[in-house]
Amino acid sequence: MTGAWIGPCCVGVDNNNPMIAGGDYHWLNKIYSHLVTYNVEYTEIIGDLAESWEVSSDNLTWTFKLRDGVQWHDGSLLTSEDVAFSIELCVNPLAGGCTKAGQLMDIVGAKEYVDGSASSISGLDYSDPSVIKITTLAPNAPLLDTLTETWILHKASLGQVPVDQINGNEYWGKVAIGTGPFKLQSYVPGQYMELVRFDNYFRGAPLLEKLIRRHFQDPATALLAFDRGEIDFAYVTADEVEREMANENAIVLPGPSQVDNAITMNPEKNPAFGNTLFRQAIMYAINREAIIENLYKGAAKPVNCLFGNERYIPADEIKYTYDPEKAKALLAEAGIDPASLGTITMDTYYNDQLSLDVMTAFQQDLAAIGIDIAIQQMDGPSWTKRYYDDLDSEMSFIGGANGADPHRAYQYYHSSVERSNVYKFNDPELDKLLEQGASEMDIAKRDQIYQQACKIMSEKLPWLFMWETVRYGIVSKRIGNFVFTPAAGGGSYYDAAEKWFIRN
Amino acid sequence: MTRYIIRRLLINIPVLLGITVLVFLFTALAPGDPIAAYIRPEMGDNPILRAQLTKELGLDQPLPVRYFRWISRTVQGDLGFRAVGGQPVASTVMNALRNSSILMLTALAIGCLVGIPLGIISALRQYSRTDFVLTTLTFLGISTPSFLLGLGGLYVFGLKLKMFPIGGMVTPGQPFSMVDFLQHLALPALILSAGYVASLMRYTRSSMLEVINATYVSTARAKGLRERQVVLIHAFRNALIPIITVIGLALPEMVGGAVITETVFSWPGMGSLLIEGVSGRDYPLVMGISLLIGITVLFANLLTDVMYAFVDPRIRYN
């Protein structure tokens, strides 16, 4: 089966080091596994390499029982030492960085390991090769979510590579030993990677013989190759979906992107931006329904707080339906005269036409209530410098991951967080809820807590939440049992790749 | 002649050094945080890694020190490691260079083999219908954007007529086959050659027209030489100089690659690599590529000048 994972969607997409990969996870998941993963509906966390787990009564120590007889691609057996090695490598600054390093610092002894005062992480107990115990500094409910994206790597082979040479090492393109259903056969940089079935995969030998990922730089070319039958899977953008719906040989697979679009405002630039009534006014002024219907062609779902997952959305969240009159009334109530604001620049790192159209719609909607916006599209690094380093942005149109775990909100809105809480949003009630949510182990109670958090977010609007976009994949009808959902970065979910097969 | 070449080579050295200084200064002074390429924002802030990288890359040193570090490693062939992904710059660039060169040289060869004869024919039959048709086609060839030609070509010849595969250099998963490779090379090379055919045809045509009316050509005819000898040996050889200039100017393009065509056909070449480096703020990569382009332009110019001397004995360098 040949698929196209199109670059450059995410940095590192043609680099096969999973630790620093910002995306392409559903490909890397074919080679490497995790302790746990999500089900495809993203409603629960299920075991991957871990068969079962439990947490101690003080909620600090997690015990994961590893499945028996899991083999690495070279035939050796998985042990808890590999798990400990992988976690240590992820937090090790010399290894060049790892997306989950920040969250893994919550493990006891991680800080000492990182600053060099300890030679291993004390909170990891791998004395029993079939069990890994992880002790955290405080009760840590999102630990499971963190572990869904912590790659379990092979100590025997990767441990031979000097730590400071791991980044960009040819190990990732030549050796790449994992526990996933497929193993590396060949890799030609910039062109393709070929995997073949791993007969001793712990869920059973895959039905497919080969998986090939071809590197396309232009999504249009990938779609042409799909139409011709050269590849069996590709991403589709919203504007091509209509055309591909008519393709008899294809099935279009829509799904929530797990990325919200939002508008942020810098209160340093204008005190009005810090005024909650002003922010609410803007939410009412923007006609989200029309934008979604006409520009996204329906491929987006409005959100009024960070979360898109229904279980975290309370029935009484504020639904900002389009109401320009209410917007004007709120402006008056806030005592802000829009004309006095001058021209406000809204910057963004999105350079595509769709985003330009969307921001133009914002411009029009806000002009109708007297606010004048100038649009500025910038390239990624320049925008990052302006937004994060110089704190020079006034308003920005951004995209932010909204999951998979609701603890994501902590990084954005908790008052103690630097950098990702750029404008130092500080709401004591929200802070408390986010702290509670991080340590509440009972799932039902946790859902409740985050529903309350959602309500506050929709009132206080640390971001002006617009929508969660829908993304599409497309697969050829000749592939049976295919499972896919467009999670952010490719996500970590069980897609039963060992059951995919080619129909004759 | 040998003295001329040696002198040119010697002059190239300070010019090359100047290029390295400029390349280094531009990337060092560009706005943006150089560490940002190594530690992306979504990986959170990692002060230990940041400090370690700063020390390793020497980013806390003054500019001249950083320049000397870079240049001393470069002359030994060590172009460092990419900021994004960490692969060695030298091997990444060499791979891309090989891929780009194959594509561009093929396109240039087609351009010469098709464009030059067409230009000669067009000049000999000036104002005829053939001339008119060819000139119009040239005009179309130069005016159509490569993006349109590329996607259009893929759609027609790849999808509809199924004559060529869609994108890539080889069919993945199979052992290398020359036939397979040529099939993949054909369409992008043809699309790229359109531009070369067009410009070479134009230059050949106008250059030939200048020469064909010269007195020595009529003398050659008057002496009873066959028309083919007159055209090819006397006229064409003198018309060659502008043509060599065009070909010489095309040589640095081997190194720069053709960004749009490479993107459309997913041909992993220098053009798309440079764009990737610039948009990802991958400084080591950008410096490596810029340096390579600089060197190539210098030597391509030298080669072109030397060719002139061979073609036109009146040109003497001293």
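# Briefing on the predicted two-chain model

Ala496(A) is partly exposed, as 14 other C-beta atoms lie within 10 Å of its own. This residue belongs to a predicted model, in which chain A has an average pLDDT of 90 and 97% of the residues reach a score of at least 70. Chain B, for its part, contains twelve helices and zero strands, and a contact between the chains takes 46 residues from chain A and 44 residues from chain B.

**Backbone geometry in chain A**

- Ala496(A), which sits in the loop between strand S18 (479-480) and strand S19 (501-502) of chain A, has a phi near 50 degrees, a positive value in a residue other than glycine.
- A positive phi, of about 45 degrees, is also found at Ala176(A), although this residue is not a glycine; Ala176(A) is placed in the loop between helix H7 (171-174) and strand S8 (182-188) of chain A.
- Is Ala176(A) buried or exposed? Ala176(A) is buried, because 25 other C-beta atoms lie within 10 Å and the cut-off for a buried residue is 20 or more.
- The peptide bond that joins Gly403(A) and Ala404(A) is cis, with omega at about 0 degrees, and Ala404(A) lies in the loop that runs between strand S16 (395-401) and helix H15 (408-413) of chain A.

**Confidence along chain A**

- Among the elements of chain A, the highest mean pLDDT, 96, belongs to strand S5 (residues 61-66) of chain A, and the lowest, 56, to strand S1 (residues 2-4) of chain A.

**Make-up of chain B**

- Read from the N terminus on, the elements of chain B follow the order α-α-α-α-α-α-α-α-α-α-α-α, and the C-alpha trace of chain B spans about 85 × 60 × 35 Å along its principal axes.
- Of the 318 residues in chain B, 37% are buried.
- When contacts in chain B between residues at least 6 apart in sequence are considered, 72% of them join residues at least 24 apart.
- Pro62(B), in the loop between H2 and helix H3 (63-75) of chain B, counts as exposed, with 8 C-beta neighbours inside 10 Å.
- From Pro62(B) to Ser146(B) the separation is 84 residues in sequence and 43 Å in space, taken from C-alpha to C-alpha.

**Helix pair H8(B) and H9(B)**

- Helix H8 (residues 215-222) of chain B packs with helix H9 (residues 227-256) of chain B at an angle of about 150 degrees, and their axes are 10 Å apart; H8(B) is therefore roughly antiparallel to H9(B), and the crossing of the two is right-handed.
- On the side of H8(B), the residues that meet H9(B) are Tyr216(B), Val217(B), Ala220(B) and Arg221(B), and their counterparts in H9(B) are Val230(B), His234(B) and Ala235(B).
- By class, the contact of H8(B) with H9(B) comprises five nonpolar residues, one polar and one charged.

**Helix pair H9(B) and H12(B)**

- The axes of H9(B) and helix H12 (residues 283-311) of chain B cross at roughly 165 degrees and come within 9 Å, which means that H9(B) is roughly antiparallel to H12(B); the crossing here is right-handed.
- The residues that make this contact include Leu240(B), Ile244(B), Gly248(B) and Leu251(B) of H9(B), together with Val297(B), Ala300(B), Thr304(B) and Tyr308(B) of H12(B).
- In the contact of H9(B) with H12(B), 14 residues are nonpolar, five are polar and one is charged.

- The most is given by H6(B), with five residues on the side of chain B that touches chain A.
- That side of chain B divides by class into 20 nonpolar, 17 polar and seven charged residues.

Terms used. Residues numbered from 1 in each chain as written. Chains lettered and ligands numbered in written order. Predicted model: local features only at pLDDT ≥ 70, side-chain atom pairs only at ≥ 80, totals over all residues. Contact = placed C-beta atoms within 7 Å. Helix = DSSP H or I, 4+ residues; strand = E, 2+ residues; numbered from the N terminus. Nonpolar A, V, L, I, M, F, W, Y, C, P; charged D, E, K, R; others polar. pLDDT = per-residue confidence, 0-100. Axes fitted to C-alpha atoms, helices over the stretch in contact; angles between N-to-C directions. Parallel < 35°, antiparallel > 145°, perpendicular 65-115°, else oblique. Left-handed = near helix turned anticlockwise from the far one by under 90°. Buried ≥ 20, exposed ≤ 12 C-beta atoms within 10 Å, placed from the backbone.
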